[in-house]
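This report describes one protein chain, from its overall layout down to single residues. The sequence and the structure come first.

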Amino acid sequence: MTKARKAEIAKLIEQGKWIHVTGSRKNIMQTEFYPVVRDLLRSDAVQELSAFTHHKMTTRYQHCLNVSYYNFKLCKMLHLDADSAARAGLLHDLYHYDTAKYTRSFPAVRHSRNHPEVALRAAEKLIDMNDRERDMIGKHMWPVTVPRPKYAETYVITVVDKYCAVIEYLLPQPARLRRYVREKLFRQ
Ligand SMILES: [Fe+2]
Ligand SMILES: [Fe+2]
């Protein structure tokens, strides 16, 4: 991709006309995925997730968007309920506090087990959901959360969530390494 094209995309991102997920530069606003979650993406509850760091390298908003998009794609491929997968994916980590602070304050209740329930309550306040969406949000950490998933889509989100965590952590590493070398070794 040319420098000019990169600059053009950066400008569109700034203007809110280009949204992409980790691992792809494609504008998801021009895909069949976008209309399924457009209303949720515009809600304050989802927008506010941008204020929280997630998996050290990204924001909770970006993580939820990643899970939503890849969940949609995979469920579509498997002929499952892709629309519910997209909407539940976007809301699966809908909690508005710092994860590390929670862990320091309530060490006895593991965050990995607790937050699906918090997200489910927040999502229920936001929209009416079907049973599949509720199952996906409430059990996305299975088997950490004990009840077994009821739907195939819930098994899919448990995998997609972990896949996204890995790419969110690994993909920025070459850029971080380049920056480190530039700043620390060459003092640029
Ligand atoms: Fe989660
Ligand atoms: Fe997650």
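Is the crossing of H5 and H9 right-handed or left-handed? In this predicted model, H5 and H9 cross in the right-handed sense.

## Helix H9 and its partners

Two packed helices are described by the angle between their axes and the distance between the axes. For helix H5 (residues 82–91) and H9, the axes come within 11 Å and cross at roughly 45°. An angle of 35 degrees or less than that would have to be passed for the parallel class, and H5 and H9 are therefore oblique to each other. On the H5 side the contact is made by Ser 84, Ala 85, Ala 88 and Gly 89. On the H9 side it is made by Glu 153, Val 156 and Ile 157.

Helix H4 (residues 60–77) also packs on H9, at an angle of about 130° and with the axes 9 Å apart. H4 and H9 are likewise classed as oblique to each other, and H4 passes H9 in a right-handed crossing. From H4, the contact involves His 63, Asn 66, Val 67, Tyr 70, Asn 71, Leu 74 and Cys 75. From H9, it involves Glu 153, Val 156, Ile 157, Val 160, Asp 161, Tyr 163, Cys 164 and Glu 168.

## Ile 157

Ile 157 is found in helix H9. Is Ile 157 buried or exposed? Ile 157 has 28 other C-beta atoms within 10 Å, and 20 or more count as buried, so Ile 157 is buried.

Leaving aside residues up to four places away in sequence, Ile 157 touches Val 67, Asn 71, Ala 85, Ala 88, Gly 89, His 92, Met 136 and His 140. One of these, Gly 89, is 68 residues from Ile 157 in sequence, while their C-alpha atoms are 7.2 Å apart in space. Thr 99 and Gln 30 give another pair: they are 69 residues apart in sequence and 33 Å apart in space, C-alpha to C-alpha. Thr 99 is placed in helix H6 (residues 99–105) and is partly exposed, with 17 other C-beta atoms within 10 Å.

## Overall fold

The protein has 10 helices and two strands. Read from the N terminus, its elements run α-α-α-β-β-α-α-α-α-α-α-α.

Along the principal axes, the C-alpha atoms fill a box of roughly 55 × 40 × 30 Å. Of the 188 residues, 30% count as buried. Among contacts with a separation of 6 or more, 58% are between residues 24 or more positions apart.

## Helix H1

Helix H1 (residues 3–14) has 12 residues. From its first C-alpha to its last, H1 reaches 17 Å, close to the 16 Å expected at 1.5 Å a residue. The number of buried residues among the 12 of H1 is zero, so H1 lies largely in the open. Just after H1, Gly 16 takes a positive phi of about 75°.

## Backbone exceptions

Most residues other than glycine have a negative phi, and most peptide bonds are trans. Which peptide bond is cis, with omega near 15°? It is the bond from Trp 142 to Pro 143. Pro 143 sits in the loop between helix H8 (131–138) and helix H9 (152–170).

His 55 is not a glycine, yet it has a positive phi of about 50°. His 55 lies in the loop between strand E1 (53–54) and strand E2 (58–59), and is partly exposed, with 18 other C-beta atoms within 10 Å. Lys 56, in the loop between E1 and E2, also has a positive phi, near 65°. With 9 other C-beta atoms within 10 Å, Lys 56 is exposed.

Key:
Residues numbered from 1 in each chain as written. Chains lettered and ligands numbered in written order. Predicted model: local features only at pLDDT ≥ 70, side-chain atom pairs only at ≥ 80, totals over all residues. Helix = DSSP H or I, 4+ residues; strand = E, 2+ residues; numbered from the N terminus. Expected span 1.5 Å × (residues − 1). Contact = placed C-beta atoms within 7 Å. Axes fitted to C-alpha atoms, helices over the stretch in contact; angles between N-to-C directions. Parallel < 35°, antiparallel > 145°, perpendicular 65-115°, else oblique. Left-handed = near helix turned anticlockwise from the far one by under 90°.
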